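Student: I am new to this structure and would like to learn how to read its features. Please start with a single detail and build up from there.

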Amino acid sequence: MPLRLAASLLFCLLLGLACPLQALAEDSASGRGDVNLHKLKSSIRDSYALAETWFIGSLQTDNTFVYLYDPIRRRYARTNNAIRQLMASRLLAELASADPNLMAAHKNNLSHIFTHWYREEDGKGYIYFNDKASLGASGIALRVLAASPYVLQKDGEARYHRKAIRLVRGIQALMAEDGSFKAFFIEPPEDEMMDEDYLLSYYSGEAILGLVEHSRRFKDPLALELAVKAQEHYLGEYVDRMADNYRPFYVPWHTMSLSALYEIDPNPRYAQAIFALNDQLLKIQDTEKYPGRFAASSGSRYTKAHSASDGVYTESLAYALEMARKAGDKEHEAKYLKAIDLAVANLVSLQYTNEHSFLFVGDPKVAGAIRIRSKTLTIRIDCVQHAMDAYRKLMDVL
């Protein structure tokens with residue numbers, strides 16, 4: 001048996017992963033009884049506090065985040081991903097809004113992004129990373145600037161507000177007359193190109209959400225106009241024609257963009273779309289073998305679990321729960337709350353805690369992190385970031 005595989009199996013056994021979540025399955029809201037809100041809130045607070053400590057500590061000397069870390073070999077991966085880095089940057093911006101001690105880290109991180117990755121062409125801004133410039137990266141970069149407390153300061157506004165406006169123009173250049181998007185401002189090399197419809201499952205909602213948040217923060221009517229137009233198109237693609245076009249990946253991003261638009265225009269169609277999307281998402285939530293995780297049974301394209309997906313799907317359900325409460329829809333409220341209870345229990349079960357420190361003696365890079373899946377011990381930045389975003393929304397909603 002290869003040494004790495006043997007080490008992984010030993011670690012799994014020591015972590016108690018042979019029968020994951022069986023105890024939680026008996027004690028969670030799997031359809032038997034009500035959710036214990038006090039216990040749920042306590043679990044979220046405790047897990048969030050651990051994750052936040054790890055997250056802040058994951059900033060490196062170059063002002064980017066640790067992307068991928070193997071705690072068995074204690075090795076960092078050489079790969080990186082702009083969108084996942086940018087999602088972490090947006091979270092750091094939010095944290096800096098509440099904690100002035102993080103302002104310097106946020107400013108340095110922002111400077112790295114817009115010094116090394118941001119480019120302009122004919123008045124249009126975009127994020128160029130690994131030989132490509134994607135719609136999704138532009139959308140998340142807009143979210144970073146919209147969340148930034150520094151951009152509201154005089155020197156920050158002078159440095160970054162114009163860039164935000166040009167990112168909007170870059171997104172506009174990728175929009176067709178019918179509101180649909182192209183995936184790339186600069187396409188990757190041909191051998192790295194993926195299916196555009198698949199990519200737009202992520203990128204379309206990321207871009208719309210970025211536009212809405214930018215428009216709300218900077219009072220930009222063009223950004224809101226573009227967001228409404230694109231959302232109308234993708235309501236048709238992803239909700240009205242869900243049977244033909246469904247992918248679970250687009251659910252959280254469009255749930256969040258629809259929720260943001262609903263805050264501006266409480267259109268009942270937006271609320272119903274959120275319910276339709278998240279009801280479909282719940283069809284792949286496991287309630288038996290690995291309660292709470294999102295992975296379909298065999299025979300589906302969506303059988304592989306990943307804690308980054310678990311985190312962002314949990315965040316989606318938090319927004320759906322909020323919408324159910326706004327709409328006075330008790331049936332959906334109860335359904336989403338039970339699903340959230342399971343989803344949080346799953347995320348907590350995947351988190352390295354201080355109790356695991358004996359497995360990683362002398363390694364400060366583990367406690368608080370969330371591993372990729374129950375038997376994949378690697379840590380990736382978006383696994384932690386998505387869980388934290390879900391927890392932050394739930395702490396606001398519950």
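Tutor: Begin with arginine 371, whose bridge partner in S8 is isoleucine 379. Strands (E, at least two residues) and helices (H or I, at least four) are DSSP runs, numbered from the N terminus. This is a predicted model, in which local features need pLDDT of at least 70 and side-chain atom pairs count only at pLDDT 80 or more, while totals for chains, interfaces and linings use all residues. Residues are numbered from 1 along each chain as its sequence is written, and side-chain values use heavy atoms, with hydrogens and water left out.

Student: How many bridges join S7 and S8, and in which sense do the strands pair?

Tutor: Two strands pair if DSSP finds at least two bridges between them. S7 and strand S8 (residues 376-380) have two bridges and pair in the antiparallel sense.

Student: What is the order of the strands in the open sheet?

Tutor: The sheet has four strands in the order S2-S1-S8-S7, with antiparallel pairing. Strand S2 (75-76) and strand S7 (371-373) each have a single partner strand and stand at the edges, so one side of each has no neighbour in the sheet.

Student: Which strands form a hairpin, and what is in the turn?

Tutor: S3 and S4 form the hairpin, with two residues between them. Aspartate 122, in the turn, has a positive phi of about 55°. Strand S3 (residues 118-121) and strand S4 (residues 124-127) run antiparallel and are joined by four bridges. Glutamate 121 has lysine 124 as its bridge partner in S4, and tyrosine 118 has isoleucine 127.

Student: How many aromatic pairs are found in the whole structure?

Tutor: A pair of aromatic rings is described by how far apart the centres are and by the angle of the planes. Rings of Phe, Tyr and Trp (its six-membered ring) pair if their centres lie within 6.5 Å; planes under 30 degrees apart count as stacked, over 60 as edge-to-face and the rest as tilted. The search finds 18 such pairs. Tyrosine 126 and phenylalanine 185 have ring centres 4.6 Å apart and planes at 25°, so they are stacked. This pair links distant parts of the chain, 59 residues apart: tyrosine 126 belongs to strand S4 and phenylalanine 185 to strand S6 (residues 184-186).

Student: At what angle do H11 and H12 pack?

Tutor: Axes are lines fitted to C-alpha atoms, for helices over the stretch in contact, and angles run from 0 to 180 degrees between N-to-C directions. Under 35 degrees is roughly parallel, over 145 roughly antiparallel, 65 to 115 roughly perpendicular, and the rest oblique. Helix H11 (residues 250-264) packs against helix H12 (residues 268-281) at about 160°, with the axes 9 Å apart. H11 and H12 are therefore roughly antiparallel. Residues in the contact (heavy atoms within 4.5 Å) include Tyr250, His254 and Leu258 of H11 and Ile274 and Leu277 of H12. By class, the contact has 11 nonpolar, four polar and no charged residues. Here Ala, Val, Leu, Ile, Met, Phe, Trp, Tyr, Cys and Pro count as nonpolar, Asp, Glu, Lys and Arg as charged, and the others, Gly among them, as polar.

Student: How do the axes of H7 and H8 cross?

Tutor: Helix H7 (residues 154-173) and helix H8 (residues 196-218) cross at roughly 140°, and their axes come within 11 Å. They are therefore oblique to each other. His161, Ala164, Ile165, Val168 and Ile171 of H7 meet Ala207, Leu211, His214 and Phe218 of H8. That contact has seven nonpolar, two polar and no charged residues.
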